[in-house]
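Open the model in your viewer and keep the selection tool at hand. Each stop below says what to select and what is there.

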Amino acid sequence: MQAAIKPISSLLLFISVFSFSCKDEKIKPDYRAEMRKFVQKISEKGEEWKPGFIVVPQNGLALLSSDGTWQGTADNAYIAAIDGVGQEELWYGYDNKDDEVTPERDHNEMYVMCQFAQSHGLKVMAIDYASSISKIDDSYARNFANGFISFAADHRELDNIPMYPTIPYNSSNLQPPVPFNDMRNFLYLINPSYYNTKDDFITALANCRYDVYVIDLYFDEQNILDTADLNRIRRGSYNGDCKILCYMSIGEAESYRWYWKPYWNVTPPEFGVGENPSWTDNFVVRYWDPNWQAVICGAQDSYLRRIVNAGFDGVYLDLVSQYEYFEE
C-alpha cells in the first residue's frame with residue numbers, strides 16, 4: 001500500500017511522547033498471553049458475525065505452545081481459535097534478501113513449529129522470497145513434500161502475480177465445497193499499486209488459478225473492495241470455491257488507514273509506542289490496549305466489521321509476532 005509521508009516534526013513528537021510513556025509502564029503484561037487473547041477475540045467476533053470465518057496469523061509460531069517450542073504443551077484455546085498459520089522465509093528470503101537461504105538454526109526453529117501446527121490440525125501457509133527459477137522450484141517442492149501450501153514471492157513488496165510458474169503450483173480441479181484445510185496453493189498480493197484501476201486488479205485476480213487469495217481490504221486509500229468485487233474473483237476461480245482472506249496488521253497502526261485520526265499527528269493515542277524505523281507511517285502499538293482492540297474488532301465501525309461486511313472469508317493477521325518487540 002502507498003503511504004503518505006508524515007511531517008518530520010509530527011513523527012519526532014510521536015516517537016518522543018511514546019518513548020517516555022512506555023518507560024512509565026509499571027506492570028509488564030504477559031505479552032504472549034495478551035496476543036493470544038487478542039487473536040482469540042478477533043476469531044470470536046469473526047465467527048459471531050460470519051459463521052465459519054477463517055483466521056490465520058502470520059509468524060509468531062511460539063504462541064502455539066506454553067514455552068514457544070514444539071516440546072511445550074499446546075495452547076489448545078489459541079489453536080482452536082485459528083485455522084492455520086503463515087510463516088515467512090521458511091526456506092528462502094532471509095534477512096530481506098531474495099533467494100537468500102534461511103540459516104539452518106532459524107529454519108529449524110520455524111520448521112519444527114510448522115510441523116507442530118500441522119500436527120494440531122492447522123493449515124501451514126509458507127511464504128518464501130525467491131526470484132530465481134531454481135529457488136522458486138525448490139521452495140515449492142520442499143513445502144509440498146512437507147504438506148505445506150506455499151507461495152514463492154518474486155517481489156518482496158507482494159505487489160504482483162508471478163509470471164512463473166505460469167500455472168500455480170499444485171493446481172487441480174477441486175470441486176466445491178472445499179474446506180480450507182484442503183486448499184492446495186495461495187496468492188499473497190497486498191499491494192495492488194501496479195494496477196491502474198480497481199477493475200483491472202479484480203479482473204487479474206479473477207483470471208488466476210489459486211485456491212486461496214490473501215489481499216487487502218482496499219485497492220487504494222479511497223477504494224474499498226466490496227462483495228461484488230470478491231464475487232467476481234470467486235466466479236472466475238477455476239474450482240468455484242476459492243477462499244479470500246483479508247490482510248490485517250494488528251501489531252502496528254498505519255497512518256494511511258481509514259482509522260487514523262489527523263490529530264494523532266500532534267497528539268498521539270495512548271496505545272501508541274513509536275514509528276517502525278523500517279516502514280514509514282507504521283507505528284508500533286500496545287496491542288493489548290482496549291482502545292486499539294476496539295479499532296480492530298469493536299462492534300460498530302471496526303476494521304474487522306468492515307472486512308466481514310465486504311464478504312471476505314477470513315483474515316490473515318500480520319505482526320502477531322509483535323510480542324517479540326516488547327519482550328526485547
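**Stop 1: a helix residue**

Select Ala 204, which is found in helix α6 (residues 198–206). Helices (H or I, at least four residues) and strands (E, at least two) are DSSP runs, numbered from the N terminus. The model is predicted, and local features need pLDDT of at least 70, side-chain atom pairs count only at pLDDT 80 or more, and totals for chains, interfaces and linings use all residues. Residues are numbered from 1 along each chain as its sequence is written, and side-chain values use heavy atoms, with hydrogens and water left out.

Is Ala 204 buried or exposed? Ala 204 is buried, at a relative accessible area of 19%. Buried means under 20% relative accessible area, exposed over 50%, and partly exposed in between (1.4 Å probe, protein chains only). Leaving aside residues up to four places away in sequence, Ala 204 touches Ile 161 and Tyr 195; contact means heavy atoms within 4.5 Å.

**Stop 2**

Select β2, β3 and β4. These 3 strands form an open sheet in the order β2-β3-β4, with parallel pairing. β2 (84–88) and β4 (149–153) stand at the edges, each with a single partner strand, so one side of each is left without a neighbour in the sheet. From one strand to the next, the twist averages 15°. Strands of a sheet pair through backbone hydrogen bonds, either parallel or antiparallel. Two strands count as paired here if DSSP finds at least two bridges between them.

Zoom in on β3 (residues 123–129), which pairs with β4 in the parallel sense over 5 bridges. Which residue of β4 does Ile 127 stand opposite? The residue opposite Ile 127 is Phe 151.

Helix α4 (residues 104–119) lies across β2 and β3, and runs at about 165° to β2. Helix α5 (residues 133–145) lies across β3 and β4, and runs at about 165° to β4. For such angles, axes are lines fitted to C-alpha atoms, for helices over the stretch in contact, and angles run from 0 to 180 degrees between N-to-C directions.

**Stop 3: the sheet of five strands**

Select β1, β11, β7, β6 and β5. The 5 strands form an open sheet in the order β1-β11-β7-β6-β5, and the pairing is parallel. β1 (54–57) and β5 (186–188) are the edge strands, each pairing on one side only. The twist from one strand to the next averages 20°.

Start with β1, which pairs with β11 in the parallel sense over 4 bridges. Here Pro 57 stands opposite Leu 317 in β11. Both faces of β1 are covered: Ile 54 and Val 56 on one side, and Val 55 and Pro 57 on the other, are all buried.

Move on to β7 (residues 243–249), which pairs with β11 in the parallel sense over 5 bridges. Cys 246 stands opposite Val 315 in β11. Helix α9 lies across β7 and β11, at about 165° to β7.

**Stop 4: two helices that cross**

Select helix α2 (residues 31–49) together with helix α9 (residues 303–310). Their axes come within 10 Å and cross at roughly 35°. Ile 42, Lys 45, Gly 46 and Trp 49 of α2 make the contact with Leu 304, Arg 305 and Val 308 of α9.

**Stop 5**

Select Leu 319, found in the loop between β11 and α10. The C-alpha atoms of Leu 319 and Glu 252 are separated by 7.2 Å, although the residues are 67 apart along the chain. Leu 319 touches Met 35, Ser 249, Gly 251 and Glu 252, not counting residues up to four places away in sequence.

Finish on Gln 322, in the loop between β11 (314–318) and α10 (323–327). Gln 322 is buried, with a relative accessible area of 7%. How far is the backbone oxygen of Gly 251 from a polar atom of the side chain of Gln 322? The distance from that backbone oxygen of Gly 251 to the side-chain polar atom of Gln 322 is 2.9 Å.

Key. A polar contact is a pair of N or O atoms within 3.5 Å; within protein, one must be able to donate a hydrogen and the other to accept it, and residues adjacent in sequence count only if both atoms are side-chain atoms.
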